[in-house]
Amino acid sequence: MTLLALGINHRTASVAVREQVAFTPTQLETALAELRNLPQISEAAVLSTCNRTELYCVTDAAGEQAVLNWLGRFHNLHVDELTRCAYHYLDNDAARHLMRVAVGLDSMVLGEPQILGQLKDAYQQARQSKGLGGELERLFQHTFAVAKQVRTETGIGKNPVSVAYAAVSMASRIFDDFSRSRALLIGAGETIELVARHLHEAGVRELTVANRTRERAELVAGPLGGTAITLQEIPDALEKADIVISSTASPLPILGKGMVERALKKRRHRPVFMVDIAVPRDIEPEVGELADVFLYTVDDLEEVIQENRRHRQVAADQAESLIEHGVGSWQHERRIRNGGELIRDYRQHGEALRDLSRDQALERLARGEDPAKVIERLAHQLTNRLLHQPTQAIRDAASEEHHDLLNAAPRLLLPAKPAFETTPAPKVNRQKDDTPA
């Protein structure tokens, strides 16, 4: 059986294709059941996120095409369209790919931590759906151990590279202690939501979120203990804000020079840190000309992002080394398991032959046959039965010139010779001397 990883991601497929191939939570149980029931598949797990859909399977030689055909049928896509953007890995390469995914080396944002949680969810879903057997179970557990080692021993997650974090990181250069600072966030999209979370974790004293609709602002501010306001209420909030970060889709600036000037007068010219993440801009460029205002744009954040990327790349190189060691360890354990299964099967075969010969010997004894002859026949019969299959295999290998099997046969079938063999000394028959002394 072969370990197969097959999927598409942000590098190989457009958003439109990724959306079509993604599995919703309600589809996963059905998908796992169907995948597991394919004749070529014995184990299966599905990882589906906004950036990737991947199927991990234990399959036979024809499994790859069967999985691709099934994926097309499930999502009503022509298999040729999937083939153009799908990738696949087998055995060691599949294990390596899974480990790289787990630590964020294959993510759009290098080293992002969310994927590990998503992978653990996929593992639990596969377990609940009885999609996992021993092979995938051990692989996932091994992968989680490697991911933990990478997170512990490298700085892969210590230097975030998102615009949201870069904005907060730059603010920390102006304000040593966030616990004495008030923040005003304008907008309520994903970026502002991340900014709010980072500021909250940094211990900001007060958090206000302004948005076109108060309800949407409340969704961002509420869970973090912040305050939600509308855009019309910004002038009052601005005079209290030490940190202002804006990211909206407005076609026109939201903060003008005049509004900020009035706020500064009421603040008695206490400094304000501002970051305009929006494109087009939310804050008029002239605001940056005001004294006591530190205004930065997305371009200014790029320096912070690039520096963090450099740090992450160093950690990524270290992570690749740990993953290679992890793949080697998994491969070694897999070989031992395969050897163990062969040993088990071989012992069961030998024990079956033993039991057969024993039962036949007991029947002869019960019929009153000579015990010595029964034992002699048992030994002869058992020896022949045990040696028949290996003997025939050696003859076939010799006939077909399978030299690899012939070279391995002595090591497998014959006892090892001592490093230094010595010829035993001949026995000397000493006659007893009866001559009287």
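Reply: Helices are DSSP runs of H or I with at least four residues, numbered from the N terminus. The model is predicted, with local features needing pLDDT of at least 70 and side-chain atom pairs pLDDT 80 or more, while totals for chains, interfaces and linings use all residues. Residues count from 1 along each chain as its sequence is written, and side-chain values use heavy atoms, without hydrogens and water.

Me: What volume does the largest pocket have?

Reply: Rolling a probe the size of a water molecule over the atoms shows where empty space is left. A pocket is an open set of points on a 1 Å grid over the protein atoms alone where a 1.4 Å probe fits, with protein on both sides within 12 Å along at least five of seven lines. Here the largest pocket has about 1,000 Å³, a volume being the space filled by probe spheres set on the points, which are joined across faces, edges and corners.

Me: Which residues are closest to the centre of the largest pocket?

Reply: Val-109, Glu-112, Gln-114, Ser-162 and Leu-194, out of 34 lining residues (an atom within 4 Å of a point). At least two lining residues come from each of α6 (114–128), α8 (163–174), α9 (190–202) and α13 (298–366).

Me: Which helix gives the largest share of the lining of the second largest pocket?

Reply: α13, with 7 residues. α14 (371–399) and α15 (403–413) each supply at least two. This second largest pocket holds about 700 Å³. Its lining has 19 residues, with Tyr-346, Gln-389, Pro-390, Leu-412 and Leu-413 nearest the centre.
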